[in-house]
Amino acid sequence: MKTTLEITAEPSPQDLAFLSGSLTAFNDGDVGASGRKPLAVFARDEHGGIVAGISGYTAWGWLYVQWLWVDEKLRGRRMAADMLDAAEEEAIVRGCHGAWIDTFNPIAEKVYRRQGYKPFGKLPDFPVGRSRIFLQKKL
């Protein structure tokens with residue numbers, strides 16, 4: 001089979017869907033179905049606007065928090081902690097035994113540590129001058 005490499009900054013949704021489906025099928029055959037399911041927690045203001053939120057998913061018994069954001073006006077009020085608590089409770093209902101998150105923000109790292117997350121990996125200079133810290137928690 002002759003192949004060529006294509007490098008693109010704008011992959012088509014169809015190509016990404018094919019790649020995702022192919023890898024999912026491989027992983028399912030290798031270690032079993034992941035049971036991947038999106039999980040989001042939003043805090044909304046009185047007008048319904050999002051003022052804080054978490055987005056991630058549960059899979060293979062783990063909660064992964066991909067994004068966590070809190071509006072500047074609400075920082076320091078345990079909003080991140082409350083959202084993490086809610087996401088972790090839902091993850092437990094889904095049968096999860098652990099959670100993980102990563103950050104390169106030192107303030108966020110302190111928040112996660114206060115929530116019981118412990119570092120398990122570090123990627124220096126990601127971005128330059130900071131380290132990306134990977135943290136996990138037993139649920």
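1. Helix H1 covers residues 13-31, which makes 19 residues. The model discussed here is a predicted one.

2. H1 has hardly any cover: of its 19 residues, the number that count as buried is 0. The residue that follows the helix is Gly32, and its phi is positive, near 100°.

3. Aromatic pairs come to 5 in this model. One of them joins Phe120 and Phe134, with 6.2 Å from centre to centre and 55° between the planes, and it is classed as tilted. Phe120 belongs to strand E5 (residues 118-124) and Phe134 to strand E6 (residues 131-138), so this pair ties together parts that are 14 residues apart in sequence.

4. Phe120 has a relative accessible area of 45%, which makes Phe120 partly exposed. Phe134 is at 22% relative accessibility and also counts as partly exposed, because buried would require under 20%.

5. Which residues make up the aromatic cluster? Phe120 and Phe134 are in it, together with Tyr57, Tyr64 and Trp100, and these form one cluster.

6. Arg36 lies over the face of Tyr57, at 3.6 Å from the ring centre.

Methods: Residues are numbered from 1 along each chain as its sequence is written. This is a predicted model: local features need pLDDT of at least 70, side-chain atom pairs count only at pLDDT 80 or more; totals for chains, interfaces and linings use all residues. Side-chain values use heavy atoms; hydrogens and water are left out. Helices (H or I, at least four residues) and strands (E, at least two) are DSSP runs, numbered from the N terminus. The expected span of a helix is 1.5 Å times one less than its number of residues. Buried means under 20% relative accessible area, exposed over 50%, partly exposed in between (1.4 Å probe, protein chains only). Rings of Phe, Tyr and Trp (its six-membered ring) pair if their centres lie within 6.5 Å; planes under 30 degrees apart count as stacked, over 60 as edge-to-face and the rest as tilted. A charge sits over a ring if NZ of Lys or CZ of Arg is within 6 Å of the ring centre and within 35 degrees of the ring normal.
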